[in-house]
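User: I'd like to learn how to read a model like this one, feature by feature. Can we go through it together?

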Amino acid sequence: MIVLGCNGFSRVSEFFSERLGATGINKHYLLGHDAAAALLIDGRLVAAVEEERLNREKKTTDFPVNAIDWCLKEAGITYDDVDLFAFPWNWSAQVLEETLDAIRASSAPQDTKTGLMADMSDLYDQVVSPEAILADFEARTGHRPDPAKVRFVPHHLAHATTGYYLAGMKDAAFLVSDGRAERFSTLTGEIRDGRITVFEDTVTGAHYSMGTLFSSITRFLGFVPNNDEYKVMGLAGYATPPTPNPFLDNLLRLHGDGRYSFTKPLQTDNLHSHDALFEEYFGPFEDTLEYTSRVAAAAQQMLNVATAHQVGHLEKRTDLNRLLFEGGVALNCLNNTPLFEGSRFEDMQVSFGASDTGITIGAAAHAWLNHPDTAPADIRAAASEPVTPYLGPAYDEAAIEEALQAFTGRVVVSRLDDDELIEQVAKLLTKKVVIGWFEGRIEHGPRALGHRSILANPGFTDIKDIINTRVKHREPFRPFAPLVLEEQAPKIFDMGRKTSSPYMTFVFPVRDEYRDRIPGAVHVDGTSRIQTLTDEATPRLTALLRRFTELTDTPCLINTSFNVAGEPIVCTPTDALNCFMSTEIDYLILGNHVIAKTDRVTD
């Protein structure tokens, strides 16, 4: 069985700009952001790529025509071969009516309600209804799916299934939390034998969305909502939460059924709705590290408390010992480690597709798992094969050589075999250099996981400033994540009950004896967001780290995404070369090619 999952809308950005632009909704804060496509064949994930990697528009909401085209070509199939088309949204007529009812019942002025109801009705008709989605699909691809082959998967169930599928399809409890889905922002439940049970009394509406509130705080601090929340996480390390914390004392309310609410509900179409409240709590906005970090630390504590409350209730409702945490809020890795350590769950997983980058995988998996032709034996067979995040395009020797031709005279290229390459790059990294690392299939999700990465030696105290200023062009307070061998990680980091963290979704304290050995990878609060490596998952990168450690006795490498601020992670060799030439990256590794800039070569 072949299942194609896709997320993205041709007109959503235009619609929001025309109809709702005055409310302050940022282009990143739209339905369909992180547009992507994914392809399952007989339950095996064979291809997935985000549209932004191909159209070069960060967090694009556009219909994923390039991503779909690549997935089909990668598998050598056409639209006619696809058995199911899965979409990670289910905007039914009932959902629309419930949304309109909520607007009618709100306390907003009648003129405001009338206008918003018209906007929501038109959004449904023109963009998100089942008919509009299929019409969009046909307009962009030339193919009209047979309605009998189409599955509209509720957004949060797609999130839950993403976590379930990528964690090996073992029975688990789940928490999903993000900005909003069709109507809700968070829910909990269980997945047993591929079937989802939602604990309906734990569902939280969009007006009490922790994800949206955090986005409002992100915007208040001067960053891009639904894009820069990780900057708020970084800032939180520079301060301790205020005592008393006004977010906890005055805004957040915890309920006995595991839900939470806010004393002032959010206006989900206006990320400025709580600005006055934030200034009441913290004083007029000041663009200083002291002010912004104090707000960030208070917000982080609020998020931690709210999700711990949800998980505390969930662990009483289920006898399962695994926890899946999915949705955009799950990318808040400062929360994930204490959330797990404070629970009774024996394991907690946050997937590489936890944000909306992964919902095409979840939608496709949900459609496959719930198809009558899918047998338990099929599920067991698919679950026996580990899923890798390296799911996107790869480029062979010919493609690299072709890309290099356009840079003739501007670069110096050496081609080495695998062993020579590892040796030379390890030696280069003993110095204060920055290296672009490009190999194999591009990783899926928001984190660079070693196939499109920037690498550096964390032993230099100023390496973080060098990368932030000269390469990434981003704020100086931003930390970098270290790569570490999985078997060595507990020796260097206090990992508690975790034994691995392959997707940079958990943060751990650095043990005292290693803080001075890897200063470039230690945040101001003494923690690191680590990626653990194994020979099976990343053989060449693991070999590089082993050799680097032998040469330096430094057990980690800095790993950050191969891009500059505001751009997607590089995908093609040409993307990598352009980024290399426009920044102060010292060397570029393209497959087995070591590349330097002509004007930097001195011998």
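This is a predicted model: local features need pLDDT of at least 70, side-chain atom pairs count only at pLDDT 80 or more; totals for chains, interfaces and linings use all residues.

User: Which residues of the largest nonpolar core touch the most other members?

Analyst: General idea: in soluble globular proteins, nonpolar side chains tend to be buried together. A nonpolar core here is a set of buried Ala, Val, Leu, Ile, Met, Phe, Trp, Tyr and Cys residues joined through side-chain atoms within 4.5 Å; buried is under 20% relative accessible area, exposed over 50%, partly exposed in between (1.4 Å probe, protein chains only). In this case the core has 58 residues, and Met210, Leu213, Ile217, Phe247 and Phe493 touch the most other members. Helix H12 (residues 289-317) gives the largest share, 10 residues. Helices (H or I, at least four residues) and strands (E, at least two) are DSSP runs numbered from the N terminus.

User: At what angle do H9 and H12 pack?

Analyst: Axes are lines fitted to C-alpha atoms, for helices over the stretch in contact, and angles run from 0 to 180 degrees between N-to-C directions. Helix H9 (residues 229-236) packs on H12 at about 100°, with the axes 7 Å apart. That makes the pair roughly perpendicular (65 to 115 degrees; under 35 is roughly parallel, over 145 roughly antiparallel, the rest oblique). Contact means heavy atoms within 4.5 Å, and among the residues that meet are Val232 and Met233 in H9 and Leu289 and Thr292 in H12.

User: In what order do the strands of the eight-stranded sheet run?

Analyst: Two strands pair if DSSP finds at least two bridges between them. The order is S14-S23-S22-S15-S16-S21-S17-S20, an open sheet with mixed pairing. S14 (411-415) and S20 (531-533) are at the edges with a single partner strand each, so one side of each has no neighbour in the sheet. Inside the sheet, S15 (residues 434-438) and S16 (residues 452-456) pair antiparallel over five bridges, and Trp437 stands opposite Ser453 in S16. Helix H18 (residues 463-472) lies across S15, S16 and S21 (556-561), at about 25° to S21.

User: Is Arg478 buried or exposed?

Analyst: Arg478 is buried, at 9% relative accessible area. Arg478 sits in the loop between H18 and strand S17 (481-485). Leaving out residues up to four places away in sequence, Arg478 touches Tyr230, Lys231, Lys464 and Asn468.

How values were computed:
Residues are numbered from 1 along each chain as its sequence is written. Side-chain values use heavy atoms; hydrogens and water are left out.
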